[in-house]
Amino acid sequence: MIGRLAGRLAGAATLIVFLGCWTFPVVWGAVTSLKTERDVLAYPPIAAFAPTLANYADVLQGSNSILPNLKSSAILTVATTLITMAFAVPAAYALARLRLRARRPLGFYILATQMLPPIGLVIPYFLIFSQLSLLNTYSGLIVVYVSFSLPFAIWMLVSYFEEIPREMEEAALIDRASRFRAMWYIILPQVGGGISVALVFVFLNAWNEFLFAVVLGGRTVRPVTVAMFNFISLEQTQWARVSAAALIAMAPVILLGVLAQRHIVKGLTFGAVKGVSRQ
Amino acid sequence: MTTPKSRENRLGEVALRGIGKRFGGFQALDGIDLVIRPGEFFSLLGPSGSGKTTTLRIIAGLEVPDSGAVYVDGRDVTHVSPGDRDAAMVFQSYALYPHMSVRGNIAFPLRMVNTKREEIERQVQQAAERVGIGHLLDRRPGQLSGGQQQRCALARALVRSPRLFLLDEPLSNLDARLRMQTRTELKQLQRALDVTAIYVTHDQEEAMSLSDRMAIFMDGRIVQTGTPEEVFGRPATASIAGFLGSPPMNLLEAKLLPDAIEVAGQLLPLPPGLPAGQQVVTLGVRPGDIAFGATGLPATVELSELLGDSVIVDLRLGGVAVKARSYQVRRFAEGEAVHLQIDPAKLHFFSPTGQRLDPHPGAGHATDGD
C-alpha cells in the first residue's frame with residue numbers, strides 16, 4: 001500500500017520535473033513579454049509588476065513589425081508541408097506495398113539523409129544556390145526544406161502504411177476499386193492519424209528552421225525565426241520584445257498541435273481484422 | 001454432374017490450365033488443371049502450404065501465375081485485374097473496412113461502379129437482411145461480434161450478385177457451434193443465389209459437407225478431384241487416404257499371397273480382381289469399417305475414447321497400431337482381447353508408391369481430371 005503510494009508519488013514527481021523543464025522557458029518568456037524593458041532588467045527581479053501588452057503591439061505594429069516575417073514563415077511552411085506530403089504519401093505507400101527489389105536499400109538511403117549534420121550542408125547549398133540564382137528566394141528555401149522533410153515524412157509514414165493489412169486493399173481491388181481508389185477510399189482514411197502526425201512534424205520543422213533561412217534567405221526572405229534579430233542589436237537586446245515575438249511565433253505551432261492531437265491519438269484499425277478484434 | 005439445376009448457358013465456369021507459381025525458391029503450384037462448373041460448390045481442400053489459397057488468389061486475380069492460364073466462362077482472364085473478373089471474395093480475416101459502417105462496407109462494391117444512391121440503399125438492405133444483419137447497418141466493424149463480422153463480409157460479397165463467389169476459410173475464425181450453423185446457411189445461400197462458389201478449407205468435414213465436388217491439394221498439385229463420396233470412398237493415393245476421415249484410414253503394410261493377404265502376421269481373405277504381381281502393398285481400412293465380433297483377427301485394446309455416439313478404439317494388431325470406430329457404445333478395457341472383422345470389399349489397396357490399386361474390375365478412374 002505504502003509502496004504503491006510512494007511509487008505513484010515518485011512518478012508524479014518525475015513528471016512534474018520534466019514538465020517544469022519543458023514549460024519553464026515558455027512561462028518565463030510569457031512573463032517577460034508582459035513586462036516593460038525596465039522591469040525585465042530590474043535587479044533584484046521583481047515579482048509584482050504592472051503587466052503590459054505594449055510589447056505585443058510594438059512587435060506587430062511597430063517599426064520592426066514581424067508581420068511580414070510571419071507571412072514569409074507561412075509561405076515557406078505551407079509550401080514545404082504541401083509539397084512534402086504530396087510526395088511523401090504516395091512514396092510511403094509504394095515503399096510499404098509494392099514488391100520493389102530496391103525497397104530495403106531505398107529505405108536505408110532515405111534514412112541516411114537524416115544522419116547528415118545540416119550545418120555541413122550550408123556552404124555547399126550556398127555555392128550551388130548562388131550559381132542557380134536561388135539565393136534569397138522562397139523557392140530556394142522550399143527546395144532545402146523539402147529535401148530534409150521529405151525523407152523524414154516518408155520514413156514516418158511507411159510504418160503506418162505497413163500496419164494496414166494487405167488484405168484490406170485486396171478486398172477493395174476485388175470490390176472493383178482501382179488501385180488509386182483503393183488507396184483513396186480504404187487506405188488513406190486508415191492512415192489519417194499517421195498523416196496528421198507527419199504533417200505536424202513537417203510543419204514544425206519548417207516553421208522552426210533557422211540555420212538555412214539565415215544563410216540562404218538573406219534580406220528578402222526572412223521567416224519569423226530570423227526576425228528575432230530585429231530586436232537584438234549591438235547596443236542592446238530588447239528582451240521583452242524578443243519574448244513577445246517568440247510567443248507569437250510559437251502560437252501557430254501550438255495551435256496545430258492541439259488541433260491534431262485528437263487525430264494523432266485516434267487508432268482506427270481495431271476490430272477490422274481477426275486477432276485485433278473487438279475492444 | 002451433381003448440380004441438379006445445371007443449364008447449358010449459365011455463367012460461372014472456371015478453368016485453370018497448367019497453372020504454375022513460384023515464390024522465391026518455393027514451388028507453390030505445379031501444373032494445376034481444374035474445371036469448376038457453373039453453379040457448383042467446389043472446395044479446394046488440403047493441408048496448409050499445399051497451394052489451395054494460392055490457387056484461389058490466382059482465380060481472384062490477386063496473384064498472376066508464372067505459367068498457365070485462367071479462364072472464366074471461356075474468356076482468358078489471366079492478366080485481367082481482380083475487379084474485372086466479376087468475382088467476390090470473403091477473406092479469412094474478413095478484411096472489413098474499419099473506418100466505414102456496415103452499410104458503407106456492403107455498399108462499397110456498388111459505389112465503385114457508380115450505382116445510383118437509392119439502388120445502393122435498396123440492395124444493401126436486401127443483402128444485409130439476407131444474412132441477418134439488417135439491424136446492424138450503422139455499426140462499425142469493430143462493434144460487431146466475430147459472427148456478425150463474418151456475415152458483413154458475406155453481405156459485401158453477395159450484394160453485387162457476382163458470377164463467382166470465392167471463400168478463403170471463411171468459417172475458421174468462428175467457434176465450433178457457430179461454424180456448424182453458418183456452414184448450413186452458407187450452403188443454403190449458395191443454392192439460393194445459384195452462384196459458383198469456390199471454397200478454400202483445410203477442414204475436411206467442411207469440404208465434405210458443403211461441396212458438390214472438391215479438389216485435394218498436396219505439395220502444390222491436385223492429387224484428386226471428385227465428389228466428396230468419390231474422394232472419401234475411393235481415395236486416389238495413400239496420402240489422401242491418410243488425410244481424409246476422422247480418424248483417417250488405417251494404412252498397414254501387407255503382403256499379397258496367391259490366395260490371401262498377410263497383414264501383421266494375420267491372414268485375410270483376398271478380394272477378387274487385384275492386379276497380379278504386387279507383392280508388397282499398403283492396405284487401407286477405415287476405422288468405421290472394422291467391426292468387433294466373437295471371431296476374427298485377434299487384437300488388444302490399448303485405449304478407447306468415447307465420443308458420445310461412437311467409440312474410437314486404439315488397438316494393437318500383431319505389433320501394428322490400428323484405430324477402429326465402434327458404434328456399440330461401451331467401455332473397452334485397456335488390455336482387453338477383442339476380435340476384429342473386416343469386410344474384404346471395404347479394403348483399399350495402394351502400391352508401394354502410394355497409387356490406388358483397384359480390386360474392383362471395371363471401375364472408372366478415381367482421378368477426374370476435368
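Predicted model: local features only at pLDDT ≥ 70, side-chain atom pairs only at ≥ 80, totals over all residues.
**Chain B in outline**

Chain B has eight helices and 21 strands. Its C-alpha atoms fill a box of roughly 75 × 45 × 40 Å along the principal axes. Of the 370 residues in chain B, 42% are buried. If you take the contacts in chain B with a separation of 6 or more, 67% of them come from residues 24 or more positions apart.

**The six-stranded sheet**

Chain B holds an open sheet of six strands, and the order is S6-S7-S8-S3-S9-S10 with mixed pairing. The edges are S6 (87–90) and S10 (221–226), each of which pairs on one side only. On average, neighbouring strands here are turned by 20 degrees against each other, direction ignored. Helix H4 (residues 146–158) of chain B packs on this sheet and touches S6 and S7 (164–168). The direction of that helix makes about 175 degrees with that of S6(B). Elsewhere in the sheet, S3 and S9 of chain B pair in the parallel sense, with B:Ser43 opposite B:Met214 in S9(B).

**Strand pairs side by side**

| Strands (chain B) | Sense | Bridges |
|---|---|---|
| S3 (residues 41–45) and S9 (residues 213–218) | parallel | four bridges |
| S11 (residues 250–256) and S14 (residues 280–285) | antiparallel | six bridges |
| S11 (residues 250–256) and S12 (residues 260–263) | antiparallel | three bridges |

S11(B) and S12(B) form a hairpin, with three residues between them.

**The nonpolar core**

The largest nonpolar core has 155 residues, and those with the most contacts inside it come from both chains: A:Ala92, A:Leu157, A:Phe161, B:Ala155, B:Leu166 and B:Ile198. The top contributor is helix H7 (residues 138–163) of chain A, which gives 13 residues. On the chain B side, have a look at B:Ala155. Setting aside neighbours within four places in sequence, B:Ala155 is in contact with B:Ile106, B:Ala127, B:Ala128, B:Arg130, B:Val131 and B:Ile133.

**Two helices crossing in chain A**

Two packed helices are described by the angle and the distance between their axes. For H4 (residues 67–97) and H7 of chain A, the axes come within 7 Å and cross at roughly 35 degrees. The crossing is right-handed, as H4(A) passes H7(A). Sorted by class, the contact of H4(A) with H7(A) has 24 nonpolar residues, three polar ones and two charged ones.

**A covered helix**

Helix H8 (residues 166–174) of chain A is mostly covered, with seven of its nine residues buried. Which residues of H8(A) are buried? They are A:Met168, A:Glu169, A:Glu170, A:Ala171, A:Ala172, A:Leu173 and A:Ile174. And what covers the buried residues of H8(A)? The cover includes H9 (179–190) of chain A, plus H1 (52–60) and S6 of chain B. Just after H8(A), A:Arg176 takes a positive phi of about 75 degrees.

How values were computed:
Residues numbered from 1 in each chain as written. Chains lettered and ligands numbered in written order. Core = buried A, V, L, I, M, F, W, Y, C linked by C-beta atoms within 7 Å. Buried ≥ 20, exposed ≤ 12 C-beta atoms within 10 Å, placed from the backbone. Contact = placed C-beta atoms within 7 Å. Axes fitted to C-alpha atoms, helices over the stretch in contact; angles between N-to-C directions. Left-handed = near helix turned anticlockwise from the far one by under 90°. Nonpolar A, V, L, I, M, F, W, Y, C, P; charged D, E, K, R; others polar. Pairing = 2+ DSSP bridges.
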